[in-house]
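This briefing covers one protein chain. Its sequence and coordinates come first, and the notes are grouped by topic.

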Amino acid sequence: MGADLGARYEELIRAWADHDLVRIQLLHSPDVVLEIDGRHRFAGRYTGIGAVLAALVKFAPYVMAASPEPDSLEIDGDTVETTSKVTVRSHPDE
């Protein structure tokens, strides 16, 4: 990942870690898509910035600080697609 893109990714991760909804909205296009794989209550496809912001409010308290690690970053014109691993914690009964 280039230095500029790396810095942008780090800015995005900081915004998510800080639950900075305004910054998150500014860093994404209105038609952003967030896909979370797995078979758990956080899994799903969140389409549009409103849905992504709602998802953040729903599950951000469970994301371990500093856990996101970039797997891939692809750029196609004005579209940037990233894949990251995130560690999530929850109570045993959840």
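Is Tyr-62 buried or exposed in this model? Tyr-62 is buried, because its relative accessible area is 18%, under the 20% limit for that class. The model is a predicted one, with a mean pLDDT of 77 for the protein.

**Layout and confidence**

- The protein contains 3 helices and 4 strands, and their order along the sequence is α-α-β-β-α-β-β.
- Of its 94 residues, 24% are classed as buried.
- Among contacts with a separation of 6 or more, 35% are between residues 24 or more positions apart.
- A pLDDT of 70 or more is reached by 77% of the residues.
- Mean pLDDT by element is highest in β2, at 92, and lowest in strand β3 (residues 69-76), at 72.

**Nonpolar core**

- The largest nonpolar core has 16 residues. Within this core, Trp-16, Ile-24, Val-52, Leu-56 and Phe-59 touch the most other members.
- Two or more residues of this core come from each of α1, α2 and α3 (49-59), and α3 provides the largest share, with 6 residues.
- In general, nonpolar side chains of soluble globular proteins tend to be buried together.
- The buried residues of α3 are Ile-49, Val-52, Leu-53, Ala-55, Leu-56 and Phe-59. Viewed down the axis of α3, the buried residues fall within an arc of 155°, so they line one face of the helix.
- Beyond its neighbours within four places in sequence, Ile-24 contacts Ala-15 and Trp-16, along with Ile-49, Leu-53 and Leu-56. Ile-49, Leu-53 and Leu-56 are also among the buried residues of α3.

**Aromatic rings**

- The model has 2 aromatic pairs.
- Phe-42 and Phe-59 form an edge-to-face pair, with 5.7 Å from centre to centre and 70° between the planes. Phe-42 is in the loop between β1 and β2 and Phe-59 is in helix α3, so placed 17 residues apart that the pair links distant parts of the chain. Both Phe-42 and Phe-59 are buried.
- Tyr-46 and Phe-59 form a tilted pair, with a centre-to-centre distance of 6.3 Å and 55° between the planes. This pair also links distant parts of the chain, with Tyr-46 in strand β2 and Phe-59 in helix α3, 13 residues apart. Tyr-46 is buried, as is Phe-59.
- Through these ring pairs, Phe-42, Tyr-46 and Phe-59 are linked into a cluster.

**Salt bridges**

- The structure has 2 salt bridges.
- In one of them, the side chains of Arg-23 and Glu-11 meet at 2.0 Å, N to O. Arg-23 belongs to helix α2 (residues 21-27) and Glu-11 to helix α1 (residues 3-17), and the pair links distant parts of the chain, 12 residues apart.
- Arg-23 has a relative accessible area of 31% and is therefore partly exposed.
- The side chains of Glu-35 and Arg-45 also meet in a salt bridge, at 2.4 Å, N to O. Glu-35 lies in strand β1 (residues 33-36) and Arg-45 in strand β2 (residues 44-47), so the bridge ties together parts 10 residues apart in sequence.
- Arg-45 counts as exposed because its relative accessibility is 54%, over the 50% limit for that class.

**Pairs far apart in sequence**

- Tyr-62 is located in the loop between α3 and β3.
- Asp-18 is located in the loop between α1 and α2. With a relative accessible area of 59%, Asp-18 is exposed.
- Asp-18 and Ala-60 are 42 residues apart in sequence, and their C-alpha atoms are 9.3 Å apart in space.

How values were computed. Residues numbered from 1 in each chain as written. Predicted model: local features only at pLDDT ≥ 70, side-chain atom pairs only at ≥ 80, totals over all residues. Heavy atoms only, no water. Salt bridge = Lys/Arg side-chain N within 4 Å of Asp/Glu carboxyl O. Buried < 20%, exposed > 50% of the residue type's maximum accessible area, 1.4 Å probe, protein only. Core = buried A, V, L, I, M, F, W, Y, C linked by side-chain atoms within 4.5 Å. Contact = heavy atoms within 4.5 Å. pLDDT = per-residue confidence, 0-100. Arc of directions from axis to C-beta. Phe/Tyr/Trp six-rings, centres within 6.5 Å; stacked < 30°, edge-to-face > 60°.
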